[in-house]
Every structure is written in structure tokens, then in C-alpha cells.
Amino acid sequence: MPLSSTAESELRDMLRAFRAAHPGIIVPTGAGKALEAWVLMKLANTVRIQMGRFWRVSLRQGDGAILRPSTTFNLSSRPSRIQPRSSTAPGYVLIEHRTDTARRFELRGGLQWKGRSDAKHEIDVSLLPSVIGEAIRNSGGGHPHGLPIVAVECKDKGGSGPLDETRQTLARMYDLALVTQSVPGWSCRIYETNTLAQWGRKSTRYLTFFQKGTFGIVRTGHFQSGATTLARHYSIGHYPDIYNGGAIGFLQERFRETLLRVSNF
Amino acid sequence: MAIIEEVRQVIFILEEEGFGALAGELLTEISLGREVEKGIFNDEQKTTADAGETVIARVPIDATDQLRAALDILRAGLVLPVRAFDEAEKIASELSGDGQFRIAFIDPEERIASLPISTRAVGDTTVADELDALLTRLPNMIIPPTVDGA
């Protein structure tokens, strides 16, 4: 039983209107980028709504300046390092404690981190200390090394997320966690190589590292149950059916707890 | 698995109107069938919960469910991302508290902007909403069979 001619013509008209209104969604990576932007902003909004008494949130340009009214907030279209200080470089969300100036963080999209192997790992949404971001930005750009405070993978995919997807996330975390330090005598969680700025403390066990922070995979579909068993053991959150269910609320809650405890990291 | 005529029509229209990637996804997903998670058992492990190990199998989608499954994929690929992105832009504007902010994606090295996710004003999801409404109505817009089944 075919669609009626009315249905066919309405669908064609609607698709043409959609392509004109939302051209960026139609390209293969478009829906995934929309998901990344949404997760990043939902986390930022958690701080504004629930923690605004003690924390401040602002949108920043790539040179660190506050974004001017009615301008565009630029996010990275592909995985990249932190760019040298420039107003045209991708921006970030600055999350800063109102009284404790040591607690300043940058929430970023599509940032590549470097692991102990020197391999680069793209994290869709990650949080790093401003002391690291500023040091890199002010010294020609580069990659942060170590385990992010927040690392969220965004999967714009239906169906069941397989076990291998979680294994890949876990493999990245193992490479990023500085259970061994690159310089004898150091004890940090994150560092950068331009000025050797450091942040946080080393943990001796992987599990201890992974329990300090927000790590997760966000999915528009679901997860294979075996994948969730693996993820739970290593404190990696699984957030299924992200657009329809309450999973985004659980991610926001975990992010809030991370910020509350970040001084102990 | 045979794809029913209405879904073939939708795939054809998508391809012709420049939604080739989505047309390909529809063809693949409906052809492969619906995912079903099955437990792997052995003598000691009597329940799925005990086993922990599963495989994803594909089962055919009933002809009566295929169009709805196809339209759900369209909704997930087009409507939901637009609404989510719009919410992200609204939050960006609320964070600044001073005017509307657009979110754009730029190449980090070349500084060239990607195609905009939305050309409409912040908060305007009219087109996505209308598409959603049409996707809901489409299953009722098929030509009924004639009495002799032709």
C-alpha cells in the first residue's frame, strides 16, 4: 500500500523546508555535533541553576575574553588541541568558584588529550583546570596530558551500544590516568608540557582515579547489558535514551557532585 | 528481509531530496531488522542476570511495524537533534543574560565555519515541529487496498 500522493508531496515539501532551516543537521556529523553542544550546555546549566550561589558560569572566546553580546559561541568542528590565544579560536565555558580563585575550570568540546603513550584521545565534552588551559593557550597551544576531571563521550547512535564501545572508553582512560608520572618526583593528575604547569594529585590505583570525576557515555540509543556491567565496575556512567529519558539528569547530578568534591582531586 | 512499499517510497524521497545518509541508514536498519539482546548461557549460569554475557541478534520487523520504525529513525535523526541544539542555544543565551547567542562549529585550525545547524532564530523550532507532526500523520496517509486486493 503506497503513500498517497498528498503524503508524498507533503513529505517532499517538509524535507525541503527542513534542509533550508537546518542545513547542518543533514551532513553526516551534524546530529552528533548537536548532541555534543546540548550535553555541554546542560552541564554548564547545572552549575548556573543548582550551584549559582557559590559558582559562576560564563561563555569565553578562544582568547579567554568574555563573549560579547549577540556574538557567536564557536565550538570545534573536529578533534583538536587547545589553540594559541586568539579571539577566533574555539571557545569554552568557564566555571569558577566565586571566592576560591583556585577552583576555575574550562568545559570544552572536541578536545584532544594526550595519554602516557603520547597517543591523542578526543573527548567530546571534557573539563580541565584553567591553570592548564591558560598555560597552553598563552604558550602557543597544545594538548593537556592526564585524566580529565570530566570526560563524556557522545554517541548519536540508535540500537544497543556494544561492549567494545565501553572497552574503547576504558582503554582511553587507562592511557590518560597518570598512575606513573612522566617526571620523577611529580605527583599530579593533569599537566602540560609548554610551561610544565600541573594540577591535582596522583592516585596509585586506576579505580581510585576513575572514582574522582565524571566519566560517561551518552547515547541516543541504549547499551548492551554486558557493557553496563563493565562500565559500572570502573565508575563509567552509561546514559541511555538521552533525549527522551531522565538520564541527562543523572549525568548532571554526577557532574554537580564532582564539582563539590573537586578540591580533593 | 523484504522492505514494504511505503518504506521504499520514503527512502526514495529522502535520497532525492538530499538526505542520502539518512536514506542509507533507513535501508540498512529496516533490512537488518530490530536488535534483540540475548543472553549466553552455560551449565552454571541459568539466568541472563547471572550470565552477564549477551549477544545482539537481529530479528525481522513485521511489515505492519516497518513504516513506524522508519519514521522513528527519521525523528531521531532530524527532529530531536534540532530541538536539543535549540535548547543549547537558549542555555547559552541565559548564561550570558545579555542578548541571544548562536552556537557555531568552526574548523579549529582554518577557522572556517561548518554549515549552521539552524538558520532560524533562537527558539524557533517550527520546521522541526511541523516535520514531527507530519511523521505522526504519515502512517494514516496510505492508499487503502482495493476490494480485490490490487
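Trainee: In strand 3 of chain B, which residue is the bridge partner of Asn74(A)?
Mentor: Asn74(A) has Ala104(B) as its bridge partner there. Strands (E, at least two residues) and helices (H or I, at least four) are DSSP runs, numbered from the N terminus. Keep in mind that this is a predicted model: local features need pLDDT of at least 70, side-chain atom pairs count only at pLDDT 80 or more, and totals for chains, interfaces and linings use all residues. Residues are numbered from 1 along each chain as its sequence is written, while chains are lettered from A and ligands numbered from 1 in the order in which they are written.

Trainee: And what's the partner of Ser76(A) in that strand of chain B?
Mentor: That's Ile106(B).

Trainee: How many bridges join strand 2 of chain A to strand 3 of chain B, and do they run parallel or antiparallel?
Mentor: Strand 2 of chain A, residues 72–76, is joined to strand 3 of chain B by 5 bridges, and the two run parallel. Strands pair if DSSP finds at least two bridges between them.

Trainee: How many residues of strand 2 of chain A are buried?
Mentor: 4 of its 5, so the strand is mostly covered. Buried means 20 or more other C-beta atoms within 10 Å of a residue's own, exposed means 12 or fewer, and partly exposed is in between, with C-beta atoms placed from the backbone.

Trainee: At what angle do helix 3 of chain A and helix 4 of chain B cross?
Mentor: Roughly 35°, with the axes coming within 8 Å. Axes are lines fitted to C-alpha atoms over the stretch in contact, and angles run from 0 to 180 degrees between N-to-C directions. The contact involves, among others, Trp38(A) and Met41(A) of helix 3 of chain A and Phe85(B) and Ile91(B) of helix 4 of chain B. Sorted by class, it has 14 nonpolar, 2 polar and 2 charged residues.

Trainee: New topic: why is helix 4 of chain A largely enclosed?
Mentor: Because 6 of its 8 residues (the helix spans 130–137) are buried. Among them are Ile132(A), Ile136(A) and Arg137(A). The cover over the buried residues includes strand 3 (92–97) and strand 5 (120–129) of chain A.

Trainee: How many helices and strands does chain A have?
Mentor: 8 helices and 13 strands. Of its 265 residues, 50% count as buried.

Trainee: Last one: is Thr136(B) buried or exposed?
Mentor: Exposed, because there are 11 other C-beta atoms within 10 Å. Thr136(B) sits in helix 5 of chain B. C-alpha to C-alpha, Thr136(B) is 22 Å from Thr28(B), and the two are 108 residues apart in sequence.

Conventions:
Contact = placed C-beta atoms within 7 Å. Nonpolar A, V, L, I, M, F, W, Y, C, P; charged D, E, K, R; others polar.
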